[in-house]
Each structure stands twice: as C-alpha cells, then as structure tokens.
There are 2 protein chains.
Amino acid sequence: MRAAIISVGDEILIGQVVDTNSAWLGQHLSEIGITVKKSWSVADTHDEITLGLVQALDEADIVFMTGGLGPTKDDMTKKAIADFLGVGMFFHQDTYDRIKRIFDRMGRKMSPAHDDQCLMPDGTQILTNSMGTAPGMLFRHQGKIIISMPGVPYEMKAIMTEEVLPMLSAQVDTAIVHKTIMTTGVGETTIENELSDIIATFPSFLKIAYLPSLAQVRLRLSATGNDKLLLNETVDNFSNQISEKLHDVIYGYGNTSLEKEIALLCTEKNIKIGMAESCTGGHISSKIVSIPGSSSFFTGSVVSYSNESKVKLLNVNPETLTTYGAVSEETVKEMVDGALETLNVDVALSVSGIAGPDGGTPEKPVGNIWICVGNRQNKVTYLLKSGKDRSKNIEIASIYALNLLRKFILAQ
Amino acid sequence: MRAAIISVGDEILIGQVVDTNSAWLGQHLSEIGITVKKSWSVADTHDEITLGLVQALDEADIVFMTGGLGPTKDDMTKKAIADFLGVGMFFHQDTYDRIKRIFDRMGRKMSPAHDDQCLMPDGTQILTNSMGTAPGMLFRHQGKIIISMPGVPYEMKAIMTEEVLPMLSAQVDTAIVHKTIMTTGVGETTIENELSDIIATFPSFLKIAYLPSLAQVRLRLSATGNDKLLLNETVDNFSNQISEKLHDVIYGYGNTSLEKEIALLCTEKNIKIGMAESCTGGHISSKIVSIPGSSSFFTGSVVSYSNESKVKLLNVNPETLTTYGAVSEETVKEMVDGALETLNVDVALSVSGIAGPDGGTPEKPVGNIWICVGNRQNKVTYLLKSGKDRSKNIEIASIYALNLLRKFILAQ
C-alpha cells in the first residue's frame with residue numbers, strides 16, 4: 001500500500017512552522033508496513049489543495065492530509081475535498097454535541113464558526129478527535145482512501161493512534177515485526193561499529209535503523225515477511241545478541257523513556273526520590289512529573305538557581321561555594337545531602353553547571369556540568385563536558401543525570 | 001517569482017529526519033519577496049527525483065533542491081539532473097582542490113567517492129559551499145532556474161546566505177512585509193470574531209493568518225506588493241488597530257515568548273522572581289531558565305510535589321491542606337507567601353492542580369488547576385479548568401501562569 005502525505009498551510013510554505021507531522025506519519029506508517037512514496041506541502045487555497053489531491057491520488061493508494069480544518073476562514077481543506085468528490089455537506093450532530101460538552105466544561109460559549117466545524121462532506125467516515133474540536137475524516141474514492149486530519153500535532157497523533165493505525169494495520173497483509181532498543185551515552189557510529197559482526201549475520205528480511213536524538217540512540221529492528229512466527233523469533237534472537245553486546249548502554253525496550261524506567265524501579269523498590277537542580281532549572285523534575293502517578297515516589301525538588309538558595313534551601317556550606325564554586329564536585333555532593341534532608345527522600349539527584357551561552361571561564365568552560373546521585377551511605381558524581389548551546393546542554397545534562405539516577409536505583 | 005522546493009531523501013519520507021530545510025528556505029525566500037508555491041519530499045531514486053523536477057518546473061519559476069549530493073552511493077540528485085537536462089558530466093578541478101585542502105587540514109585522505117563529488121553536469125554554475133565538500137549548483141533551463149544544494153542544514157544555509165539570496169534579491173521586484181502578533185488566553189474563533197470589522201477593511205494586498213498552538217494564537221499579517229513603504233505603513237496601521245482591539249490578550253510582537261517578555265520586564269523593573277510549583281513539576285521554572293541570563297532575575301523554585309514538602313519548604317499551614325485540600329485557592333496563596341519568604345524574591349508564582357489522568361473527584365475534577373501570583377502586598381488567583389490530558393494540562397497551566405505573572409509584573 002503506497003501512501004502520500006499532503007500538509008496544508010501557508011505557514012509551512014513561508015517557514016513559520018516546521019512540518020513535524022509528515023515525519024511522524026512517515027515513521028508510524030512505515031512501522032505497520034506502509035511506504036510513504038511522496039509528501040507535499042501546499043498553500044491554503046481551494047485550487048492548491050485540489051491540485052495536491054489529484055496529484056497524490058495519482059501516485060498513491062492512500063492520501064493523508066493534515067491541516068486546514070480549524071474553525072477560522074483561512075481553513076479550506078473540507079470544502080476542497082467536498083468539491084473534489086462532487087458532494088454536498090451535512091451537519092454532524094454528534095460532533096456538535098462533543099464540541100458543546102468541551103465548551104461547557106471550560107465554561108465558554110460556542111461561536112457560529114464552530115457550527116461550521118460540524119459540517120462534513122457527504123459520505124464522511126468520522127474519525128474521533130479525543131484531543132480537540134475538529135474531527136478527522138475518512139473518504140473512499142475510486143478504490144482509494146483519503147484521510148484528512150487537523151494540523152495540530154497532538155490532535156493528529158491522537159486520531160492516528162486511536163483510529164487510523166489500528167484500522168490500517170488490520171488491512172496490511174505483509175507482517176512487519178518491530179522491536180526498539182533504547183540506548184544512551186554513546187553515538188550511533190560507535191554502536192554501528194560494535195554491532196557490525198552481528199549485523200553481518202542478519203537474514204535479508206531483517207533491517208536495523210539508528211534513530212539518534214540528543215544523547216540517545218534508538219535502535220529499531222524490523223523484520224518483514226509473511227511468517228509472523230519466524231519474524232518474531234528472528235527479531236528476539238538478534239535483539240538478545242545486541243542486548244548482550246551493548247549491555248552497558250541499553251536502558252529499555254519498546255516505547256519507554258529514562259523517566260518511565262525510573263518510575264518502574266522506584267515503585268518496585270519502594271524508593272522515594274527528589275532533586276536539587278541548578279542549571280537544568282526544573283527540567284529534570286518536569287520529566288519525572290510527566291509520568292502519571294509520579295506523586296507516589298517523587299516528593300519534590302529544589303531549583304536552587306542562586307547561591308543564596310543553595311545555602312538557604314539545601315544547606316550548602318557558603319565556604320564550599322567560595323572555595324570550589326557553585327559548579328564543582330563538592331557543591332553537587334552537598335546539594336544531594338541537602339535534598340536528601342530537606343525533601344526527606346531515599347535517593348537524591350543534583351546538577352550544577354554552566355549552561356551558556358555565556359558565563360564560562362578557562363578552567364570551567366561553558367558546557368561543564370557536574371552531576372551527583374546518592375543516598376545517605378554513598379554518592380556517585382559525573383562531570384559532563386558538553387558544548388555551547390544552552391538548550392542542548394540542559395537537555396543532555398538532564399538525560400545523563402536521569403541515566404545516572406536509574407543506574408544508582410538499579411543497584412540498590 | 002514563484003518558487004518550489006524539493007527535498008530528496010528516503011530518511012525524510014520514513015520520518016527518520018524532520019525536514020527543517022524547507023521551513024528555513026520558505027522563511028528566507030518570503031523575506032525577499034519570493035513566494036514558495038509548493039514543496040515536495042521525494043525518494044532518493046532517479047525516477048522520483050526526475051518526476052519531482054518535472055512537476056516543480058511546471059508550477060514554479062525557480063526550483064530549490066536539497067539533499068542527495070553527499071559522497072555515499074544512495075545520492076542520486078546530480079545524475080538525475082544531468083539526465084533531465086540531457087547533458088554529460090565534467091570534472092571540476094577547483095572543487096577537487098578545495099576538498100583536498102579541507103582533507104589535508106584534517107589530516108585525512110580523500111576517497112574515490114570524493115572524486116565523484118567533483119563531477120558536475122555540463123553547464124553548471126558552481127555555488128561555493130564554505131561549510132562542506134559538495135558545492136551547490138545552479139542551472140538555467142528554458143527560462144527557469146534549478147538550484148541544487150546539499151541536505152546538511154548548515155551547508156545549505158551557507159550556500160543560500162552567501163551565494164543565492166544576494167543574487168536573487170537583486171532580481172526580485174515584489175516585496176513582502178510580515179508582522180507577527182502573539183496572543184494567549186482566547187481561541188482563534190474568538191479572535192476572528194473580534195477582528196471581523198477590521199479585517200473587512202483590509203486592502204486586497206494584506207492577509208491575516210491564525211496560527212494556534214496550546215493556549216496561544218499567533219496572528220501573522222502579510223502584505224505583498226511593489227511599494228515597500230506602502231506595505232510597511234499598511235502593516236503598521238492595521239497592526240495598531242488590531243493591538244487596540246485585542247489589547248488584553250496580546251503579549252508581544254515578532255519572535256517572542258511569554259518567558260522572553262517576563263525576562264525583559266524583570267530586567268527593566270529590577271524585579272526578582274521565584275516559583276512554587278506542584279502539578280507543573282518544574283515545567284514553568286524550566287521555561288524561565290531556557291532564557292540566557294535568567295540568573296539575573298530568577299532566584300529559584302520549590303517543586304513541592306507532596307503535602308509534606310508544601311508544609312516543610314513553603315510553610316503552608318497543615319490545617320489549610322486538611323480543610324481546603326492541596327488544590328485550593330487558600331493553598332496556592334500560602335504557597336506564594338512561602339515562596340516569597342523562602343526564595344527571598346519580589347514576586348512569586350504558585351500552581352497546584354490535578355494534572356490527571358487520575359486523581360479527580362466530583363468537586364475537584366481532573367484539569368482543575370489553581371494559580372496564584374503575588375508580592376508581599378497583594379495576590380491574584382485564577383482557577384483554570386482544563387481537560388483530562390496530563391501533558392496538555394501541564395503545558396496549558398504553565399502558559400496561563402506565565403501570562404498571569406507577566407501581567408502582574410507589568411502592573412508593578
């Protein structure tokens with residue numbers, strides 16, 4: 001099944017918005033064995049949407065459209081599709097009721113423009129949008145499928161995950177078996193070199209992809225064929241070989257994250273954790289709090305962004321700050337002691353560094369970030385030497401810190 | 001002059017890489033008055049590249065191609081262009097000499113694959129790549145222009161900035177003037193209704209676009225024409241009318257954010273701020289810390305995720321928690337008092353709510369989030385009623401809280 005993607009919106013063409021939807025769609029479609037043949041970005045006009053649709057249907061069996069479904073007038077997709085299919089519009093009462101419930105809950109009034117959102121081209125199969133007002137729509141046309149979804153990424157993802165992907169994967173007859181292995185701390189080239197002997201023995205129907213993000217590389221094994229049992233066995237077999245080889249840098253499998261792994265470990269071992277964050281400014285805590293139910297093991301954090309708050313809230317010795325500086329092994333150790341005490345937790349994590357772009361010195365350049373994890377008996381420290389980009393430094397430091405925390409809890 | 005963009009590469013179609021080049025090109029071309037009519041992502045094959053080129057030249061006067069020029073075997077763009085133009089290849093000695101100098105400097109040997117990088121279709125106008133080995137190429141074909149550049153973003157940007165944009169802006173006579181207005185707190189439909197009278201008086205060369213994200217809407221005014229003075233005056237005039245009308249919900253202009261505006265205000269008014277975060281778990285603090293130099297006005301935060309930490313670190317009265325609960329107006333007020341004291345700041349912000357997906361009750365459903373901002377004299381509180389999605393609730397609460405903080409500081 002060949003797919004095409006059409007992203008509708010002037011804001012994409014003039015570069016005010018980076019189109020991340022197409023990449024997400026490409027990734028998730030390829031995981032269920034559907035190949036994206038081409039993708040388009042087109043302007044928000046009736047003619048351009050129609051032309052895009054004609055071209056896409058010429059080259060693909062299924063066309064995914066994102067954008068152009070909002071309640072304001074610059075949104076043209078629905079009208080263009082109805083005209084292309086040569087059908088009229090009907091009022092979809094269920095959508096109206098759902099939008100009304102959302103507005104009632106927020107204590108707001110619906111406007112006439114929201115009524116327009118309930119108009120659908122005749123023959124529309126509604127795809128429920130659990131995250132917003134405009135529903136997704138599916139059309140069947142001359143043996144092909146057109147799917148139109150809002151351009152807001154989390155709304156599109158909800159419709160795809162809850163409605164479209166389950167439906168499509170049931171229709172695809174070639175099986176694809178995926179397994180994802182999550183690593184952190186080494187680059188993709190190093191991993192590729194480490195694995196070259198194993199990869200040389202892969203059967204032809206097994207592929208590996210390296211999906212790098214900041215300080216992490218996801219390895220995705222994909223086996224394609226008709227014999228699902230064989231595919232599963234093959235993926236498991238090679239996943240085990242890879243796990244043995246890369247043991248030290250693997251932190252989980254499948255749809256996981258460092259914070260999810262930490263949540264599982266804390267719950268299993270009944271360990272309470274807390275943080276003392278300086279340069280990461282609450283970023284690590286907010287990752288932990290993104291996990292539902294984190295209140296059962298996460299007590300809180302002190303974001304000690306000034307020396308004063310390090311002394312007052314974490315009981316760091318002022319002399320330590322004067323002698324060694326806020327960015328030092330000694331300070332992060334005292335921050336852990338302070339967090340253990342103040343937050344009354346079993347294990348604490350601390351971070352202090354120079355995030356940049358300014359503030360570095362020859363001895364302590366921008367990107368030098370000290371991390372400490374410990375309990376009342378012992379502590380582990382790590383000096384991360386990162387680059388000059390502030391947001392990258394904060395993200396990389398958070399990932400290194402969470403991984404250090406994960407390993408520490410694992411060893412308890 | 002109508003432009004089209006073709007991004008070449010399977011890695012884009014399967015979503016392994018997000019295409020940021022097209023957005024960058026769209027933005028910089030529209031700034032010099034060139035409209036991107038459409039963009040494509042195509043697979044790394046001779047046929048798909050050729051088909052893309054045919055379609056793009058059919059709809060545009062100038063075609064920008066990125067990707068497919070590297071030294072590895074899967075890069076096909078150059079061969080496809082030569083065949084499309086019906087020309088042979090020549091060896092470009094200057095490029096060879098330049099690549100050799102780069103390798104000599106790094107102490108590395110050139111491989112045979114790099115020799116291939118010096119082969120160019122006959123008639124190529126070379127565009128120097130100051131950031132990498134593969135040069136950009138310009139072709140003139142039946143009155144139209146084809147520009148091919150590497151897909152590596154910083155190499156493409158170097159070629160565009162140093163070679164292409166100066167050349168094109170000398171040729172373009174249409175100008176485009178953009179202005180962006182940032183709003184928060186109301187939906188795009190409400191804004192459109194509010195502005196309908198003003199928009200009805202827009203001249204035909206002025207357009208408005210609504211670009212929504214969570215709890216925010218960006219308004220973009222675009223004027224196109226030959227008389228740049230008139231365009232600037234028109235955009236300014238209508239931007240003023242819109243600003244007067246939407247006064248309450250506008251927080252800034254151009255490339256700004258709530259946290260940037262807060263940073264400017266704190267610096268200007270010499271105000272120090274701190275936070276007491278419960279359900280947002282450090283997310284608001286991390287937004288503030290994302291701004292370089294925030295240590296000059298941001299002292300720190302207490303992420304009080306347990307009742308115990310609210311009492312111990314923020315001095316919240318245990319009776320308040322028992323009587324009114326952690327998610328209450330009374331508690332967020334006491335959290336602000338605690339933060340003002342503990343963090344020794346002028347203005348403090350607090351948030352406590354039920355982020356979900358579980359933990360709600362009939363009286364306090366998931367999505368109920370109390371926010372308080374205040375100084376030692378007075379406090380403002382707000383009850384946000386959001387939905388059931390945890391990550392959305394945290395993001396929306398953070399935006400509402402930052403906006404409340406911004407308004408409070410503005411009034412000081």
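Tutor: Domain bounds come from an automatic or database domain assignment. With that settled, note also that this is a predicted model.

Student: Into which domains is chain A divided, and what distance separates the centres of domain 1 and domain 3 of chain A?

Tutor: Chain A has domain 1 (2–171), domain 2 (175–253) and domain 3 (258–410). Taken over C-alpha atoms, the centres of domain 1 and domain 3 of chain A are 43 Å apart.

Student: How many residues does each chain bring to the contact between chain A and chain B?

Tutor: The size of an interface is often given as the accessible area lost when the parts come together. Here we have a count of residues instead: 65 from chain B and 70 from chain A. On the side of chain B that touches chain A, the elements giving two or more residues include α2 (21–31), β2 (35–42), α11 (283–289) and α15 (390–410) of chain B. By class, that side of chain B has 25 nonpolar, 28 polar and 12 charged residues.

Student: In which sense do β2 of chain A and β2(B) pair?

Tutor: Strand β2 (residues 35–42) of chain A pairs with β2(B) in the antiparallel sense, over five bridges. To find the place in the model, look for A:Lys38, which stands opposite B:Val42 in β2(B).

Student: What is the order of the strands in the open sheet of 10 strands?

Tutor: In a regular strand the side chains alternate between the two faces of the sheet. The order in this open sheet is β17(A)-β16(A)-β15(A)-β13(A)-β14(A)-β14(B)-β13(B)-β15(B)-β16(B)-β17(B), and the pairing is mixed. At the edges stand β17 (379–385) of chain A and β17 (379–385) of chain B, each with a single partner strand, so one side of each has no neighbour in the sheet. From one strand to the next the twist averages 10°.

Student: How do β13 and β14 of chain B run, and how many bridges join them?

Tutor: Strand β13 (residues 273–277) of chain B and strand β14 (residues 298–304) of chain B run parallel and are joined by five bridges. One pair to look up is B:Ala276 with its bridge partner B:Val302 in β14(B).

Student: Which strands does helix α14 of chain B touch?

Tutor: Helix α14 (residues 329–342) of chain B packs on the sheet and touches β13, β14, β15 (347–353), β16 (368–374) and β17 of chain B. The direction of α14 makes about 145° with that of β15(B). Another helix, α12 (residues 307–314) of chain B, lies across β14 (298–304) of chain A together with β13 and β14 of chain B. Helix α12 runs at about 145° to β14(B).

Student: At what angle do α12(B) and α14(B) pack?

Tutor: The angle is about 45°, and the axes are 9 Å apart. That makes α12(B) oblique to α14(B). B:Lys310, B:Leu313 and B:Leu314 in α12(B) meet B:Met335, B:Gly338, B:Ala339 and B:Thr342 in α14(B). The residues of this contact are four nonpolar, two polar and one charged.

Student: Is the crossing of α8(A) and α9(A) left-handed or right-handed?

Tutor: First the angle: helix α8 (residues 188–200) of chain A and helix α9 (residues 228–246) of chain A pack at about 130°, with their axes 10 Å apart. That makes α8(A) oblique to α9(A). The crossing is right-handed. Among the residues that meet are A:Ile191 and A:Leu195 in α8(A), and A:Phe238 and A:Ile242 in α9(A). The contact divides into six nonpolar, one polar and two charged residues.

Student: Which strands of chain A pair with β11(A) in the antiparallel sense?

Tutor: Strand β9 (residues 175–184) of chain A is joined to strand β11 (residues 216–225) of chain A by 10 bridges. There A:Ile181 stands opposite A:Leu219. Strand β10 (residues 206–213) of chain A pairs with β11(A) over eight bridges. β10(A) and β11(A) form a hairpin with two residues between them.

Student: Where is a positive phi or a cis peptide bond found?

Tutor: Most residues other than glycine have a negative phi, and most peptide bonds are trans. In the hairpin turn, A:Ala215 has a positive phi of about 60°. B:Asn270, in the loop between α10 (258–269) and β13 of chain B, has a phi near 55°. A cis peptide bond joins A:Gly356 and A:Pro357, with omega about 5°. The bond from B:Gly356 to B:Pro357 is cis, with omega near 5°. B:Pro357 lies in the loop between β15 and β16 of chain B.

Technical notes:
Residues numbered from 1 in each chain as written. Chains lettered and ligands numbered in written order. Predicted model: local features only at pLDDT ≥ 70, side-chain atom pairs only at ≥ 80, totals over all residues. Pairing = 2+ DSSP bridges. Helix = DSSP H or I, 4+ residues; strand = E, 2+ residues; numbered from the N terminus. Axes fitted to C-alpha atoms, helices over the stretch in contact; angles between N-to-C directions. Contact = placed C-beta atoms within 7 Å. Nonpolar A, V, L, I, M, F, W, Y, C, P; charged D, E, K, R; others polar. Parallel < 35°, antiparallel > 145°, perpendicular 65-115°, else oblique. Left-handed = near helix turned anticlockwise from the far one by under 90°.
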